[in-house]
Amino acid sequence: MISNKELVDFLVGKGFLKSAKIIDTFTKTDRKKFVKKEYIENAYDDIPLPIAPGATISQPSTVAAMTEALDVESGMKVLEIGTGSGYQSALLAELVGGKGKVITIEINKEVYEFGKSNLKNYHIIEAILSDGSLGYEKEAPYDRIIVTAAASTLPEELIKQLKVSGIMIIPIGREMFKIIKISETEIRKEFLGYYAFVPLR
Ligand code: SAH
């Protein structure tokens with residue numbers, strides 16, 4: 001595919017993108033700005049692209065499916081674990097709007113610097129260099145949490161940092177789940193399908 005518009009049309013055609021607001025957000029957010037120079041020719045292909053060892057910009061259809069499932073509303077506070085290129089963070093920032101906030105955590109310094117430079121014009125995004133496997137207590141609770149690297153188990157600490165009626169999207173191994181926090185003590189877990197991710201460290 002040769003343009004961002006063509007990529008968006010593909011994602012709509014395949015059913016990964018559905019809601020008007022999210023289609024608009026993907027249209028406004030040019031994936032080319034988030035890939036490494038050497039992969040610019042593949043920016044609009046539905047494939048993940050390398051950033052550093054253990055880090056990729058995720059496959060667009062995966063990003064689309066996760067963003068649809070996360071169901072972000074304007075004004076929300078969202079935590080992302082695994083900043084990578086910053087592409088997912090940029091989409092989230094567009095969806096929460098000026099009154100919202102996006103906190104994104106990256107463990108790899110080189111990747112953090114790359115993501116942060118791609119996000120320099122997004123003022124509501126706070127990018128943090130840290131291990132995010134236990135979330136980020138300081139800004140909790142969150143309306144939404146999205147984990148963009150595969151966990152091995154469901155981290156209790158992340159559920160704690162989610163508001164009641166909040167949603168978390170998280171890959172556990174190759175299985176993607178939507179976790180809805182029903183009350184302080186109950187969650188509902190929905191299986192969303194099989195996806196490939198780099199592992200959460
Ligand atoms: N959301 C990214 C996808 C990044 S791939 C994008 O849109 O481009 C997953 C990222 O998670 C990698 O950059 C990896 O370094 C990071 N990561 C892995 N384990 C982590 C951890 N414990 N805390 C924070 N980031 C982590």
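The side chain of Asn4 comes within 3.0 Å of the backbone oxygen of Phe26 in this predicted model. Asn4 belongs to helix H1, which covers residues 4–13. Its relative accessible area is 9%, and because buried means under 20%, Asn4 counts as buried. Apart from neighbours within four places in sequence, the residues in contact with Asn4 are Phe26, Thr27, Thr29, Asp30, Arg31 and Tyr44. Asp45 stands 41 residues from Asn4 along the chain, and the C-alpha atoms of the two are 9.3 Å apart.

Attention now turns to charged side chains. Side chains of opposite charge can pair when their charged atoms come close. The structure contains 11 salt bridges. One of them joins Asp24 and Lys28, with 3.7 Å from N to O. Both residues lie in helix H2 (residues 20–28), and because they are four residues apart, about one helical turn separates them. Asp24 is partly exposed, at 38% relative accessibility.

Glu113 is partly exposed, with a relative accessibility of 39%.

Another salt bridge pairs Lys101 with Glu126, and here the closest N and O atoms are 3.0 Å apart. This pair links distant parts of the chain, since Lys101 is in strand S4 (residues 101–106) and Glu126 is in strand S5 (residues 125–129), 25 residues apart. Lys101 is partly exposed at 26% relative accessibility, and Glu126 is partly exposed at 25%. Both residues also belong to a network of salt bridges that includes Lys77 and Glu139.

Definitions and conventions: Residues numbered from 1 in each chain as written. Predicted model: local features only at pLDDT ≥ 70, side-chain atom pairs only at ≥ 80, totals over all residues. Heavy atoms only, no water. Helix = DSSP H or I, 4+ residues; strand = E, 2+ residues; numbered from the N terminus. Buried < 20%, exposed > 50% of the residue type's maximum accessible area, 1.4 Å probe, protein only. Contact = heavy atoms within 4.5 Å. Polar contact = N/O pair within 3.5 Å; in protein donor to acceptor, adjacent residues only side chain to side chain. Salt bridge = Lys/Arg side-chain N within 4 Å of Asp/Glu carboxyl O.
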